Amino acid sequence: MEKALFIRRGTRKEVSMEMINMHEKQQFMDDKKLIAIISEAGSAGVSLHADRRAKNQRRRVHVTLELPWSADRAIQQFGRTHRSNQTSAPQYRLLFTNLGGEKRFASIVAKRLESLGALTQGDRRAGPSLSAFNYDSTYGKRALTMVYRGIMEQDSFPVVPPRCSDNQASIEEFITEAKVALVSVGIIRDATVCNGKVAGKLSGRIVDADMHDVARFLNRLLGLAPDIQNRLFDLFISILDVVLHNARREGQLDSGIVDIKGKNIELKEPPKTVHVDSLSGASTILFTFTIDRGVTWESAKAMLDGRENDGAGSSNDGFYESKREWMGRRHFTLALEGSTEGIYKIIRPAIGEALREMPLSELKGKYRKVSSIDKVSKGWQDEYDVSSKQCMHGSKCKVGSYCTVGRRLQEFNILGGLILPVWGTIEKALAKQVYQNHKRIRVVRLVTTNDNQRIVGLFIPNAAVESVLTGLQWVQDIND
Ligand SMILES: [Zn+2]
């Protein structure tokens, strides 16, 4: 929370904002004040739940006046009043008018919460993708740009705008109305009315920064008359649907959930119950998996042979050895030409197919082709074995046992089941981590290879497991 100075009305006494917030919070928890008003910016880390340790144990009613547009922001806001060690769970009341825009927002948030049910009710199946309900996503930005380009007549709309027929006149009418609306809320700037051939036509510009600013669009939308507000919002949503549909069809949809993939994913040990909510009896479960990313010599050889038998291969397909030694070893790879000529897929013994494909020039610069099958098979198997437990940096690695670079077998932890009431505890434990990418909460989805079990939950880095478990244990002790 930022420190700000606040002058109390009447007293002229300067008190820091933080102090006032803490004081007010205490008044609420002590049952001296019955209403707490929080803003998103000022509420980070604040707990207002019906805590067993607080005097005020009344059931909380959490009224949301402004709905957040991203799933994790929503969950954090709701988490302010819904924590472990509470005597009752809060009631959430989403307040909205029946104006189109707001109503739609509310339904979206409701859907989003439903999808989060996958995380809150101990349901292990993956819900619908979070970002489908997240307007301020890459896809939302793309859709908004299409809305604006259509209205500015730089492009045609990919859909017929709401309540327009296919005929050009009705679309032009809509465009004119939309332009007037966008001028009135300051999104179209420098508006002028044209003369001559297109007399009466409105022209102007939308600055680049606004072209994909979804939050600004949605905020300004609420300032418009209901009819045009609804039509613009519906247009945005139907274009977003097209964008999402296309992305899904091309297999590029980023679901907001990171998929963990590996040839071989297995539970390392039976799932552990690490927290039980005293109120609902629902539990939080830690799953520890072993992921094997490697490719055995036999399967690598089979991949190359398969290519050659199909006659699909390129003359540069084959096994390569690195020209330089790295940490005392040369590395082996299998290179196969990908879908683009001259660009090669790189398959390594320890980590399987690399994310990045390599141009032939780079491949030839860094590696030399090996024709001796004996040499390759020995080198490949050796690397496969060494990488099972050791990272690429060898025994002298600075990161130590948590380093996963080039490591074939990895341990991977997912916290599933009931998450919301322990969100704050996890947040705190992760914040203490040394590495930046360990601090962020990430929702991941994983499918086991042996029995096709789908598990959705929070990714817990190996280095943070102990700290998370300690935090949860502490919460449990207070509860019991
Ligand atoms: Zn390392």
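Reply: Let us begin with glycine 365, which in this predicted model lies in helix α10, residues 360–366.

Me: Why does glycine 365 count as exposed?

Reply: A residue is called exposed if 12 or fewer other C-beta atoms lie within 10 Å of its own, and glycine 365 has 11 such neighbours inside 10 Å, so it counts as exposed.

Me: What makes the span of helix α11 agree with its number of residues?

Reply: Helix α11 covers residues 373–386, which is 14 residues, and at 1.5 Å a residue these should span 20 Å; the end C-alpha atoms are 20 Å apart, so the two agree.

Me: Which residues of α11 are buried, and how do you know whether they line one face?

Reply: Val376, Gly379, Trp380 and Glu383 are buried in α11. Seen down the axis of α11, the buried residues fall within an arc of 100 degrees, so they line one face of the helix. These buried residues pack against α9 (297–310), β11 (318–322) and β12 (332–337).

Me: Which residues are buried in helix α7, and why are they said to line one face?

Reply: In α7, residues 214–221, the buried residues are Val214, Phe217 and Leu221. Seen down the axis of α7, they fall within an arc of 60 degrees, and therefore they line one face of the helix.

Me: How many residues does the chain have, and what percentage of them is buried?

Reply: The chain has 480 residues, of which 28% are buried.

Methods
Residues numbered from 1 in each chain as written. Predicted model: local features only at pLDDT ≥ 70, side-chain atom pairs only at ≥ 80, totals over all residues. Buried ≥ 20, exposed ≤ 12 C-beta atoms within 10 Å, placed from the backbone. Helix = DSSP H or I, 4+ residues; strand = E, 2+ residues; numbered from the N terminus. Arc of directions from axis to C-beta. Expected span 1.5 Å × (residues − 1). Contact = placed C-beta atoms within 7 Å.
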